[in-house]
Amino acid sequence: MQRILDEERARGIAAAAAAEDLPALDAAMTRVLGRKAPFSEVQRSLGGLPHEQRRELGAAANEVRTALQAAFAARREVLEAAAEDALLAADRVDLTLPGRGGGGGSLHPLTIVEDEVVEVFLRLGFRVVEGPEIEDDWHNFQALNIPSDHPARTMKDSLYVAIPGHPDLLLRTETSAVQVRTMQAEPPPIYVIAPGRVYRRETADATHLAVFHQVEGLVVDEGITFADLKGTLEAMARGLFGASRRVRLGPAYFPFVEPGAEVGVSCFLCDGVGCRVCGNGWIELLGAGMVHPQVLENCGYDSERYTGFAFGVGIERIALLRYAIPDMRLLLDGDARFLAQWDAAS
């Protein structure tokens, strides 16, 4: 048995030294000190030996176990240190390398379209005006020929703001309120556009949003006619959609203009012939008309002296047409993959 102990000591020390990684070391330790190892069989056989021989071989077995455990522990310490060094080497950062540049941002398609609309009208001599997004009922409705009992109020589901003492405050349903404030603040001539967000209590779907963007235009001066309106809209359509675009005006009702018109632009795909997108060669784009005389009077203008026209177009609608976007909700999802398509355009 002493010979077996000596052999197991030598075999165990050699196995520990030969282990190249921690899993190999664990396997070697099991072979040398496991329950089925020769060393363990020697320990189990000690119980059948005479007392003196059992004490002598027991002491020798303990010495061998201690030596083997020390050898495996020492090797484990070396292998763990080597594994940590390898991990640190793999994660090492070369501080001399140049940094990785982050991906460049791009303008949102709505921002691109709004900037282009504004640029078209700046070239025509208009200026940009802005107003509050929380409006009172008078500026949002009454000054625009929409009293509290007017049926046109049912055309827009409004979002009122719960502020104690101010029951008439709401989120503006269109930027026409900015036109009213502009006319109240300054005398004619007026040549302005008013871009901004508007709010309606609507369920979002492919063609509608509860929060969207408009650009409204207003002209008030002496001698303004319907022909001026049509010429301005043609300039806008050609500036946004190309020089070959044509504009069509059909009768429509809006409380704050008289006469009112629904404005269509010739289809981009078939150029007015008729296709699956437009149906009849025209795409409805916006509403417009001559400013109602009562609206001029509400703002302190002499409707016998001054005339004007107004129009309003949704920025999202132009973006859908310009870029063939199938669902308006994509504009608000914030998906970087979708927005990255406008890197070049921005």
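Two strands are taken to pair if DSSP finds at least two bridges between them, and helices (H or I, at least four residues) and strands (E, at least two) are DSSP runs numbered from the N terminus. The structure described here is a predicted model, in which local features need pLDDT of at least 70 and side-chain atom pairs count only at pLDDT 80 or more, while totals for chains, interfaces and linings use all residues. Residues are numbered from 1 along each chain as its sequence is written, and side-chain values use heavy atoms, with hydrogens and water left out.

The protein contains eleven helices and ten strands. Its radius of gyration, taken over C-alpha atoms, is 42 Å, whereas a compact globule of 346 residues would have a value near 20 Å by the rule of 2.2 Å times the number of residues to the power 0.38. Along the principal axes, the C-alpha atoms fill a box of roughly 130 × 55 × 45 Å. With buried defined as under 20% relative accessible area, exposed as over 50% and partly exposed as in between (1.4 Å probe, protein chains only), 40% of the 346 residues count as buried. The accessible surface, computed by the Shrake-Rupley method with a 1.4 Å probe, comes to about 18,600 Å², and carbon and sulfur atoms contribute 54% of that area. Where contact means heavy atoms within 4.5 Å, residues 24 or more positions apart account for 68% of the contacts with a separation of 6 or more. There are 34 positive and 49 negative side chains, and the centres of the two sets lie 10 Å apart; Lys and Arg count as positive and Asp and Glu as negative, His and the chain ends not being counted, and the place of a charge is NZ of Lys, CZ of Arg, CG of Asp or CD of Glu.

Seven strands form an open sheet of mixed pairing, in the order 1-5-6-10-9-8-7. Strand 1 (127-128) and strand 7 (247-252) are its edge strands, each pairing on one side only. Strand 9 (residues 282-291) is mostly covered, nine of its ten residues being buried. Five bridges link strand 9 to strand 10, which run antiparallel, and Met290 stands opposite Phe309 in strand 10. Strand 10 (residues 307-314) also runs antiparallel to strand 6 (residues 211-221), to which eight bridges connect it, and Val313 in strand 10 is the bridge partner of Val215.

A further open sheet consists of three strands in the order 2-4-3, with antiparallel pairing. Strand 2 (134-136) and strand 3 (159-160) stand at the edges with a single partner strand each, so one side of each is left without a neighbour in the sheet. Three bridges join strand 2 to strand 4 (residues 169-171), and Leu171 in strand 4 is the bridge partner of Ile134.

Phe72 is found in helix 4 (residues 51-90) and, at 2% relative accessibility, counts as buried. Leaving aside residues up to four places away in sequence, Phe72 touches Gly12, Ala16, Leu25, Ala28, Met29 and Val32. The C-alpha atoms of Phe72 and Asp6, 66 residues apart along the chain, are separated by 17 Å.

Phe126 is found in the loop between helix 5 (109-123) and strand 1, and with a relative accessible area of 7% it is buried. Its contacts beyond four places in sequence are with Phe121, Tyr191, Val192, Ile193, Leu218, Val219 and Thr232. Between the C-alpha atoms of Phe126 and Gly12, which are 114 residues apart along the chain, the separation is 93 Å.

Gly223 lies in the loop between strand 6 and helix 8 (226-241) and counts as exposed because its relative accessibility is 58%. Gly223 touches Asp228 and Thr307, not counting residues up to four places away in sequence. The C-alpha atoms of Gly223 and Tyr306 are 7.0 Å apart in space, although the two residues are 83 residues apart in sequence.
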